[in-house]
Amino acid sequence: MAPRTLGLILTYNGERLLARCLASLSFCDQIIVVDSLSTDATCDIARAAGAVVLERRWEGPGPQFRYALEHIKSLVPAVDWVVSLDQDEYLTDELAASIRAAVTREEDLAGYWMPRSSFYFDRFMRHSGWYPDRLLRLFRPSRMEVHVSGAHYSFHPLGDTGRLDGDIIHYPYRNFREHLDKINSYAQQGADALKAKGRPGGVLAGTIHGLARFAKLYLLKLGILDGRAGYINAVHGAFYAFLKYVRATEREDWGPKP
C-alpha cells in the first residue's frame with residue numbers, strides 16, 4: 001500500500017498566499033487547515049481547494065499543532081507522513097518532487113529537512129542568517145515533537161533524518177509596517193519571557209543587545225552582502241532586541257499612580 005501523505009497548515013487571515021500554498025500541496029492525499037477564526041476569505045479558499053477546515057481559537061503554536069495532530073488520525077487514518085507549511089509559504093516544483101520521492105523510499109527516517117528562501121524588501125535573502133534556514137517540514141507524525149519558544153515553533157525529530165533538494169518559498173511580510181507589527185508582538189513576548197525568568201532588562205541592556213544583534217546580522221551573518229535589504233533587516237533586528245530588554249522593566253501603565 002502506498003504511503004499516505006497529509007498537508008497541514010495553520011491559518012489566520014491568510015488569504016494573501018493561501019491558494020498558492022494549497023496548490024503546492026496538491027500531491028498530498030489530504031490537506032488539513034486549522035484556522036484561528038479568520039475574518040477574511042481564508043476558510044473559503046481552503047474549502048474550495050478541497051481541504052478539511054478545523055476552526056479553533058488561537059492559544060499559541062504549541063496547543064494549535066497538538067490539536068491538529070490529535071485530529072489527524074481520526075480524520076485521515078493511517079497517515080504515514082505530514083508536510084507542514086505556514087500560510088505564507090509554498091513549495092517549489094523541485095521540492096514537491098523531492099517530497100514525493102522521499103515518502104516512497106523505504107528508509108527508516110523520522111523526517112526530512114528542507115531549505116527555506118525568504119523574500120525581504122527587494123530580494124530573496126541569501127545571507128543575514130536567513131538562508132538556507134533548514135526546517136523539518138516533512139515528518140512521521142508519531143516521531144516528532146513540537147518545541148515552542150515565545151512566538152516561534154519548530155519540529156524536532158525523534159530519530160534519524162535526511163535532507164531534500166528544492167526550497168520552501170516564503171513571503172513573511174507585505175511591507176515594513178507589517179514587519180514592525182511583528183517586531184512589536186515578538187518584543188513584548190520576549191520581554192514577558194525575560195520577566196518570567198527574572199532576567200535583567202533596561203536601557204543599557206537593550207542598547208548592548210541591540211548593537212550586538214546588529215553586528216551579528218550585518219557582519220557575522222554577512223547581511224552586508226544582501227544590500228539594502230540586509231542593512232534594513234539588521235537595523236530592525238537591533239530595534240527588536242532593544243525593545244525586548246527595555247520593555248522587560250517598564251511599568252504596565254505610564255499614567256499617574258492612583
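Where is isoleucine 224 found? A few notes on this predicted model, starting there.

1. Isoleucine 224 sits in the loop that joins helix 6 (203–220) to helix 7 (227–247). Its relative accessible area is 47%, so isoleucine 224 goes down as partly exposed. Together with Leu222 and Leu225, Ile224 makes a nonpolar patch on the surface, and the three share about 280 Å² of accessible area.

2. Have a look at the second largest pocket, which holds about 210 Å³ of space. Its lining has 14 residues, and those closest to the centre are Leu69, Lys73, Arg140, Pro141 and Ser142. Helix 3 (61–75) and strand 10 (144–149) are the elements that give two or more residues to this lining, with helix 3 giving the most, at four. Sorted by class, the lining of the second largest pocket comes out as eight nonpolar, five charged and one polar.

3. On to the charges: side chains of opposite charge can pair when their charged atoms come close. The structure holds 13 salt bridges. One to check by eye is aspartate 108 with arginine 143, at 2.8 Å from N to O. This pair ties together distant parts of the chain, 35 residues apart: aspartate 108 is in the loop between helix 4 (93–104) and strand 6 (111–114), and arginine 143 is in the loop between strand 9 and strand 10. Aspartate 108 counts as exposed because its relative accessibility is 60%.

4. Arginine 57 and glutamate 59 also meet through their side chains in a salt bridge, 3.1 Å from N to O. Arginine 57 is exposed at 55% relative accessibility, whereas glutamate 59 is partly exposed at 43%.

5. In helix 5, aspartate 192 and lysine 195 are three residues apart, about one turn of the helix. Their closest N and O atoms are 4.0 Å apart, and the pair forms a salt bridge. Aspartate 192 is partly exposed at 39%, and lysine 195 is partly exposed at 38%.

6. There is also a network of salt bridges, linking Asp86, Glu89, Arg116, Asp133 and Arg137.

7. Lysine 197 belongs to helix 5 (residues 176–197) and is exposed, with 63% relative accessibility. Its C-alpha atom is 37 Å from that of aspartate 40, which is 157 residues away along the chain. Leucine 135, in strand 9 (residues 135–139), has a relative accessible area of 18%, and since buried means under 20%, leucine 135 counts as buried.

Note on methods
Residues numbered from 1 in each chain as written. Predicted model: local features only at pLDDT ≥ 70, side-chain atom pairs only at ≥ 80, totals over all residues. Heavy atoms only, no water. Patch = residues over 30% accessible without salt bridge, like charges linked within 9 Å, V, L, I, M, F, W, Y side chains within 5 Å. Areas by Shrake-Rupley, 256 points an atom, 1.4 Å probe, with all protein chains shown as cover. Buried < 20%, exposed > 50% of the residue type's maximum accessible area, 1.4 Å probe, protein only. 1 Å grid on protein atoms, 1.4 Å probe; cavity = no way out; pocket = protein on both sides within 12 Å on 5 of 7 lines; lining within 4 Å. Points joined across faces, edges and corners; volume = space filled by probe spheres on them. Nonpolar A, V, L, I, M, F, W, Y, C, P; charged D, E, K, R; others polar.
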